[in-house]
Amino acid sequence: MSEKGILKNYFGIKDGCVARLRENGFFDRIRIQVGSATCENASGAEEVYREFEKMIKASGRGDILLHKTGCTGHCSSEPIVGVFKPGQIPVKYGAVNAQKAFEIFTNHVQSSNGPVIDYILDKKTDRLYSNEFIFCGKGTSCGAETEKLTQTFRQKIAQRGLEGQIKVAEGVCLGICAEQEKPLSPACYVFPERVCYANLKESDLDEIIEKHVLGKQLIDRLVYKIDKIANHFFDYYGDVEYFNHQLRLTLKNCGVVDPESIDEYIYYRGFEAISKSLENETPQSIIDKIKASGLRGRGGGGYPTALKWQNTADAEGSEKYIICNADEGDPGAFMDRSMLEGDPFSVIEGMIIGGYSIQAKKGFVYIRAEYPLAIKRLENAITLARQYGFLGNNILGSGYDFDIELRLGAGAFVCGEETALIHSIEGQRGMPRPRPPYPSTKGLWDKPTMINNVETLANVPVVMLDGPQWFSSIGTQGSKGTKVFALAGKVNQTGLVEVPMGTTLRDIIFKNGGGITGGKKFKAVQTGGPSGGCLPEECLDTIVDYDSLNQAGSIMGSGGMIVLDENDCMVDIAKFFLEFTQNESCGKCTPCREGTKRMLEILIRITEGKGTIEDLNNLERLGNLIKRASLCGLGQTAPNPVLSTMRYFKDEYIEHVINKRCPAKSCKKLIKYEIDPDKCVGCTACARRCPVQCISGSPKKLHVIDQFQCIKCGVCFETCKFDAVKKQ
Amino acid sequence: MKPVNLTLSKNNNCRVVIKMNENKMVNLIIDGKKVQVPEGTSIMHAAEIIGIKVPRLCYHPQLSIEGACRVCIVEVKGARNFVASCASPVAEGMEVTTTSPSIRQARRDIVELILDNHPKDCQTCERDGNCELQRLAYAMGVRNRYFEGERKNYEKDLSSPAVIRDPNKCILCQRCVRVCEEVQGVTALGQAHRGFNTVVMPAFNLPFADSVCVTCGQCINVCPTAAFLEKEATKKVWDALSDPEITVIAQFAPSVRAAVGEGFGLAPGNNMEGQTVTALRRLGVDVVFDTQFGADLTIMEEANEFVKRFTQGGKLPMLTSCSAAWMKYIEHFHPTILDNLSTCKSPMGMVSALTKTFYAKKKNLDPKKIFNLAVMCCTAKKFEASRPEMTDDEGRPYTDAVVTTREFVWMVKSQGIDFINLEKSEFDPILGFSTGAGAIFGATGGVMEAALRTAVEIITNETLLEINFTPVRGLKGIKEAQIDIAGTKVKVAVAHGLGNAKTLMQQVEKGESPYHFIEIMGCPGGCIGGGGQPYAGTNVMPLDPEMLKARAKALYDIDQGKVIRKSHENPYIQRLYKEFLGEPLSDVSHHLLHTHYKPRYPKGI
């Protein structure tokens with residue numbers, strides 16, 4: 001088949017990469033991997049890296065390899081350090097500092113004592129298990145059988161008194177059932193043997209305990225062999241609950257490979273997809289595969305990717321462009337940054353495949369200038385890809401020429417809109433223009449242009465490598481594959497989570513996110529960033545896909561997800577997001593420019609207790625106007641945070657307006673601090689710390705707050721140890 | 001439904017320009033009525049066929065599609081949101097609704113949102129009664145304010161001697177930005193800042209006077225409100241008129257008479273020359289001269305200059321120099337070819353120079369006690385009058401005040417003069433007599449035609465029989481012609497609108513221009529479309545080709561009706577040369593009637 005010799009060239013390059021890695025001891029040395037990304041560095045990863053460097057030098061050992069990797073997405077536990085000992089499952093440590101690094105190095109790396117259990121990421125136990133069984137989670141097509149089976153297994157383990165040795169855990173659907181006539185579920189992975197048992201029945205469970213757990217023998221008839229990313233999952237990530245609940249396709253290399261090493265990327269099957277595509281596919285057959293995969297744009301709109309590609313491919317003109325939209329601007333969203341910092345090559349590979357499918361000679365990455373590390377790594381990746389012959393003229397001897405340039409955005413949210421983005425690259429003011437004509441026919445410099453989001457492009461190599469059928473087996477009817485969310489707000493574990501489409505909000509928040517911080521009550525989840533909406537508790541079982549979220553009154557968006565608890569005021573949240581869009585409006589069309597300003601004014605009035613019922617009507621009227629009459633997506637979605645909170649939390653608005661009360665006790669102008677005479681002991685602590693000296697009272701006497709002077713900063717509330725200061 | 005007539009400059013690659021394909025027809029339904037239109041037609045234009053003029057604001061037929069104001073929204077079956085009818089092409093089987101309760105409310109609310117951020121000073125605004133926003137607000141039924149709040153508050157930019165900018169009145173329709181870039185090729189204006197703080201301003205927020213603004217005033221013409229206005233000069237004029245010591249000498253441009261009637265409600269194209277003379281006298285002007293006399297004189301100098309360059313090997317192509325905006329434009333954008341410009345002053349500059357020298361001497365007047373008032377169709381003439389080159393030997397400007405046609409209309413109205421019914425009267429002698437050649441100066445191609453009438457006769461020494469050079473007439477962006485003069489083929493070109501000038505100038509810069517003589521007028525249509533002309537009426541858009549054609553026709557009719565139609569046959573011109581100037585291009589001429597140019601670079605660069 002290898003007629004063009006492209007694959008031969010590729011594997012030749014790959015052999016060189018593996019040889020170089022081997023030479024450096026990548027396979028047989030102990031590897032210490034330190035997270036390195038903007039977020040990791042901010043939490044002290046660089047210091048930890050230097051610490052390890054020093055210790056390795058001091059130890060004089062030549063068999064330890066220290067390297068960097070991108071962000072794994074487990075934000076709340078950064079910096080993250082992975083220790084890879086040959087032949088063992090990697091161990092990931094969280095929140096590492098210099099002290100912990102020392103202990104990890106002396107106890108785990110240098111001696112054979114095993115991992116430092118206390119510092120293991122997401123430590124849920126105080127011991128090491130001899131075996132671990134991870135059952136596949138409920139997917140979209142399989143029933144509740146797995147759940148029942150897991151329960152039974154757990155009971156059986158308990159009956160035999162093996163809880164101390166055996167851990168039973170649940171993961172997510174790993175998509176192994178695809179391409180099978182019958183589903184393989186229930187299935188489970190077993191550690192440390194790293195085998196997958198499929199098609200389990202209740203009757204098999206005893207055999208597993210007898211033979212595998214006690215007898216240390218594999219049960220061959222149950223073993224299922226697969227060669228998907230799923231099978232390598234634990235080799236890459238270690239056994240960390242946070243990752244076990246995810247299905248990482250686009251983030252597969254993030255936190256795994258060294259983002260500055262093309263050798264490592266190629267070792268993990270990097271550039272295989274483009275090589276195979278150039279060898280075996282025509283531009284049209286690539287588009288057909290993308291179409292069969294059901295991939296939809298991950299930037300927010302959910303437009304079918306293949307349709308965009310097809311339109312650009314069909315457009316007249318010999319000069320065409322592909323643009324990667326990396327102008328990630330949603331407050332709190334960092335999916336694209338993590339991806340570009342952790343695995344820049346995947347995005348480049350996706351761009352080459354996309355470029356080839358429309359026969360573009362040139363691609364641009366439009367990235368915000370506020371991402372210096374991502375820019376640096378992309379530049380490095382582009383240079384390396386050129387050196388290795390994956391970019392430039394005659395890629396891998398295929399005769400196809402393609403190259404990529406970076407363009408830096410100057411921090412305008414609206415430049416994420418495709419026509420505004422094009423204007424910005426052209427050197428014009430970043431303002432959207434009416435469509436049609438769509439960029440696919442008239443884009444950059446009036447040439448047909450295909451614009452895809454970072455995550456969409458990162459999905460492309462996955463589709464090409466593992467096949468559209470497999471890809472489309474993951475997800476729901478209308479939304480295929482996975483989605484990366486930036487989980488933030490009041491959850492225990494914040495960070496990036498990649499889950500199959502169809503996962504419920506509840507699972508993401510309570511499984512991936514580990515529930516609400518401080519044991520508080522869940523109130524709402526905001527999805528889709530400033531263009532999205534807030535969904536209340538009754539919507540928790542909504543599944544994440546483009547259509548269900550839309551129906552519920554929010555959007556998928558690019559993947560921001562902010563969890564709110566009972567202390568968050570919904571009017572205030574709506575105000576926050578509207579303030580953002582209002583500031584970021586390009587100022588071109590009237591509804592967005594003027595309308596969002598008026599809506600914001602009304603919201604400010606309401607949070608200050610000056611709102612009227614008429615204000616509420618006007619808010620809704622303006623919201624619907626802006627939604628329906630604005631020129632671009634920014635304007636059309638700007639009122640969403642307001643409209644969705646008005647839909648689900650109308651009572652809270654009315655409470656602000658009629659009773660001038662903020663039920664969440666969050667709006668400063670509507671709350672007051674008072675001292676409970678029964679509880680105040682006269683310790684003077686509050687009076688001493690009050691910045692405006694408005695608390696009067698002498699030692700051991702009752703203290704009183706002067707309401708007129710109080711600025712409601714809340715310092716007294718936080719200071720009082722006797723719970724005497726009340727917020728009302 | 002008319003396709004775009006004026007040629008746009010090429011500098012609009014990122015903008016939306018709707019192209020129609022006349023060969024393919026599309027069927028759609030608008031408000032229940034079947035409509036068939038060529039593919040690519042906008043919904044707005046398709047609706048016009050069945051008599052629906054969808055309310056609009058930022059849309060302008062001569063400019064690219066902005067889609068910014070959202071007033072022209074309609075509903076299209078199957079579309080989730082409203083659709084801007086100006087920007088959306090029709091599609092086969094489309095079902096459009098142009099009015100419904102929700103559309104009416106949305107349009108009303110959009111216009112209110114614009115008004116809420118606009119000063120409430122209609123009664124004291126220069127555009128009161130002639131404001132597109134005011135008319136729209138009335139039509140949309142904005143009788144209450146529901147959403148009022150903070151309003152923008154910026155300083156007016158009064159730095160320019162010609163055009164003032166008032167961002168408070170700006171509604172960000174971007175017409176000024178578009179006309180400046182697409183029609184004029186100047187791009188002096190752009191938007192800065194975001195959201196509610198968006199404001200149209202020159203680059204780096206430089207004062208207008210320091211920008212590349214060529215003061216053509218087209219932004220004033222297309223502005224639907226009063227965000228751009230001419231710098232008013234009427235106070236100075238009133239002061240001079242009421243001073244008994246001062247002799248006020250007025251002149252007015254050819255195109256003023258063709259358009260001034262519109263300021264009093266007449267249709268475009270009425271020649272109001274006699275009424276204007278009378279009105280000026282009623283205002284207290286002592287002597288009324290005609291800029292058309294200056295035009296004849298310009299031809300004498302310019303035609304001779306051309307003949308000299310042509311026959312003695314001077315710098316060619318020679319470029320005309322009577323359009324003030326064009327002069328500033330070439331100094332900014334093509335400073336390397338200033339030598340190609342004719343050194344002649346504009347007709348206004350020539351008349352003003354002569355009144356304070358020749359006429360003063362003749363009438364025994366103290367030049368310091370003469371106040372030269374020029375009524376012009378032009379805002380750039382205000383800038384021209386302030387040029388240091390346009391002063392006498394003691395540095396005093398020859399032209400003391402330039403008022404636009406619009407300012408003149410206000411002055412007349414303020415005096416209660418019944419302009420339309422005024423009796424006609426004649427100009428004062430010597431500098432008041434003009435030929436048909438002087439009249440057509442106001443229309444694009446007119447200077448070329450007038451110059452050729454004289455130049456050909458000078459070269460051939462024979463009487464020209466066919467004096468109508470029709471190829472250089474009309475509204476085509478760039479017109480060219482070839483004339484056989486005594487066996488030599490002379491190639492000429494005419495452009496109007498500076499965007500079109502750019503194309504010709506790039507050729508000249510590269511030394512590739514095939515022409516001998518090029519006429520450039522800064523404004524679309526020539527002076528008749530000047531930035532100082534009355535605002536377009538209720539049902540006419542500024543820059544409307546039909547309006548420009550009607551004004552041009554008035555000037556060509558004047559020419560046609562005159563016995564003497566060649567400048568060199570003007571007996572008063574002949575007398576002037578005999579008594580004062582000597583001959584064309586003489587030393588006196590050079591001193592008084594010619595000027596020079598210097599490159600202008602934007603400040604800070």
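Q: In which loop of chain A is A:Asp723 found?

A: A few words on reading the model come before the close look. This is a predicted model, in which local features need pLDDT of at least 70 and side-chain atom pairs count only at pLDDT 80 or more, while totals for chains, interfaces and linings use all residues. Residues are numbered from 1 along each chain as its sequence is written, and chains are lettered from A and ligands numbered from 1 in the order in which they are written.

A:Asp723 is found in the loop between helix H28 (715-719) and strand E21 (725-727) of chain A. Helices (H or I, at least four residues) and strands (E, at least two) are DSSP runs, numbered from the N terminus. The backbone here deserves a glance: A:Asp723 is not a glycine, yet its phi is positive, about 60 degrees. Most residues other than glycine have a negative phi, and most peptide bonds are trans. A:Asp723 counts as exposed, because it has 10 C-beta neighbours inside 10 Å. On this scale a residue is buried if 20 or more other C-beta atoms lie within 10 Å of its own, exposed if 12 or fewer, and partly exposed in between, with C-beta atoms placed from the backbone.

A:Ala95 is partly exposed, with 16 other C-beta atoms within 10 Å.

Cis peptide bonds are worth a look too. One joins A:Pro436 and A:Pro437, with omega about 0 degrees; A:Pro437 lies in the loop between helix H16 (418-426) and strand E12 (449-453) of chain A. In chain B, a cis bond joins B:Leu316 and B:Pro317, with omega about -5 degrees.

Now step back to the whole of chain A, which has 28 helices and 21 strands. Its radius of gyration is 28 Å, close to the 27 Å from the globule rule for 728 residues, so chain A is as compact as a globular protein of that length. That radius is taken over C-alpha atoms, and the rule is 2.2 Å times the number of residues to the power 0.38. Along its principal axes, the C-alpha trace of chain A spans about 85 × 70 × 55 Å. Of the 728 residues of chain A, 55% count as buried.

The chain is divided into parts as well, with bounds from an automatic or database domain assignment. Among them are domain 1 (6-69 + 81-119), domain 4 (474-568) and domain 6 (672-727) of chain A. Taken over C-alpha atoms, the centres of domain 1 and domain 5 of chain A are separated by 50 Å.

Five strands of chain A form an open sheet in the order E14-E13-E17-E15-E16, with mixed pairing; two strands pair if DSSP finds at least two bridges between them. Strand E14 (495-500) and strand E16 (533-536) of chain A are the edge strands, each pairing on one side only. Strand E13 (residues 482-489) and strand E17 (residues 560-565) of chain A run parallel and are joined by four bridges. Across this pair, A:Gly489 stands opposite A:Val563 in E17(A).
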